[in-house]
Amino acid sequence: MGKCEVLVIGGGPAGLTAGLYSSRAGLKSLLVERGPFGGQMANTSLVENYPGFPDGIAGPELGSLMHRQAVRYGLEVVIAEVTEIAEGQVYTVSTNEGDIEASVVIIAAGSVYRKLGVPGEGRLSGRGVSYCATCDGFFFRDREVAVVGGGDAAITDALELAQHARKVTVIHRRDKLRAEQALQERAFAHPRLGFTWDTVVEEILGEEAVEGLKLRNVKTDKRSTLKVDGLFVAIGFSPNSQRFSNVVELDDAGGIATEETMATSRRGILAAGDIRSNSPCQIAAAVGDGATSAMSAFEYVQHMRGRG
């Protein structure tokens with residue numbers, strides 16, 4: 001598929017920003033993305049905490065704008081899936097569309113939805129179990145659903161679902177939410193939202209579709225059953241990093257270990273966004289990581305040119 005100086009893996013906010021910065025710096029830059037541009041952002045109906053948009057902006061629209069801006073400044077984009085990174089005089093990145101040689105690789109492959117790992121989840125995924133309220137909320141119009149989680153993503157999903165569902169129950173393993181205060185205030189004031197505290201889901205019931213949940217109170221150990229038509233899981237994300245574990249160091253949570261420059265344990269490979277260690281998994285943070293990684297890539301390429 002050719003050669004480039006900077007290869008970016010991932011088309012979310014970190015990857016698109018890295019591609020924008022490296023292209024504007026005059027580096028031959030290529031971005032490989034396997035799906036829609038925007039990463040997890042593309043699954044968010046309304047982004048309200050990204051600077052510059054006082055009325056908020058739809059996640060897919062923000063992703064599209066970032067993509068257009070990066071391409072305008074010379075970033076080349078390939079739709080493919082990266083399968084392997086091999087080291088030599090330069091890095092060879094294998095994809096399902098062919099190999100690419102690059103002097104520097106920026107891994108910005110994001111994260112994947114974290115699962116509950118309980119009986120019934122796999123069998124009923126797509127049959128009432130969902131990880132994306134924006135994608136699937138419409139299918140639960142006038143029905144009863146539950147959301148598992150207590151962070152920003154869970155409460156955002158609950159508010160999104162409340163536009164469709166008759167009733168939304170938020171199930172959280174603690175006795176208070178972790179979501180930002182503005183989201184909490186909106187959630188507590190919403191007439192269709194209810195809360196079940198100190199509780200975990202132990203099993204998802206149903207054969208062909210979700211029919212209910214087996215719950216357990218973590219403080220009293222009391223068991224109960226909740227009848228619902230759908231379950232939305234919003235308990236965070238896991239770094240999409242396992243395919244890179246043979247080339248860079250991962251932390252215990254699977255994040256790619258980086259320095260403040262976004263440098264990894266392997267010289268010439270950087271990481272940015274949700275995939276790196278201790279990422280806050282926020283769009284603004286991913287954009288900052290992307291810019292930092294591109295500036296580090298520029299310095300590395302300049303050093304290689306000088307050495308050559």
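**Chatting through a predicted model**

Reader: Hi! Is D198 buried or exposed in this one?
Author: D198 is buried, at a relative accessible area of 12%. Buried means under 20% relative accessible area, exposed means over 50%, and partly exposed is in between (1.4 Å probe, protein chains only). Do keep in mind that this is a predicted model, where local features need pLDDT of at least 70 and side-chain atom pairs count only at pLDDT 80 or more, while totals for chains, interfaces and linings use all residues. Residues are numbered from 1 along each chain as its sequence is written, and side-chain values use heavy atoms, with hydrogens and water left out.

Reader: Thanks! What is the phi of D198?
Author: Phi of D198 is near 50°, a positive value in a residue other than glycine. Most residues other than glycine have a negative phi. D198 sits in the loop between β11 and β12 (199–205). Strands here are DSSP runs of E with at least two residues, helices are runs of H or I with at least four, and both are numbered from the N terminus.

Reader: And where does D221 lie?
Author: D221 is in the loop between β13 (212–217) and β14 (223–227). D221 has a positive phi of about 65° although it is not a glycine, and D221 is partly exposed at 42% relative accessible area.

Reader: Switching to cysteines: how many disulfides does a search of the whole structure find?
Author: The search finds one disulfide, counting a pair of cysteine sulfur atoms within 2.5 Å. This disulfide joins C132 to C135, with S to S at 2.1 Å.

Reader: Nice. Why is the disulfide of C132 and C135 called right-handed?
Author: Because the torsion about the S-S bond of C132 and C135 is about 70°. C132 is buried at 8% relative accessible area, whereas C135 is partly exposed at 40%.

Reader: On to helices! At what angle do α1 and α2 pack?
Author: Helix α1 (residues 13–24) and helix α2 (residues 59–72) pack at about 20°, with axes 9 Å apart. That makes α1 roughly parallel to α2. Angles under 35 degrees count as roughly parallel, over 145 as roughly antiparallel, 65 to 115 as roughly perpendicular and the rest as oblique. Axes are lines fitted to C-alpha atoms over the stretch in contact, with angles from 0 to 180 degrees between N-to-C directions.

Reader: Which residues of α1 and α2 make the contact?
Author: From α1 they are P13, L16 and L20, and from α2 they are G63, M66, H67, Q69 and A70. Contact means heavy atoms within 4.5 Å.

Reader: How many residues of α4 are buried?
Author: Seven of the ten residues of α4 (residues 152–161) are buried, among them D157 and E160. The cover over those buried residues includes β9 (144–148), β10 (167–171) and α5 (181–189).

Reader: At what angle do α4 and α5 pack?
Author: The angle is about 35°, with the axes of α4 and α5 10 Å apart.

Reader: Last one: where is S293 found?
Author: S293 is in helix α6 (residues 283–307), and S293 counts as buried at 0% relative accessibility. Leaving aside neighbours within four places in sequence, S293 is in contact with A18, I106, T261, M262, L270 and A272.
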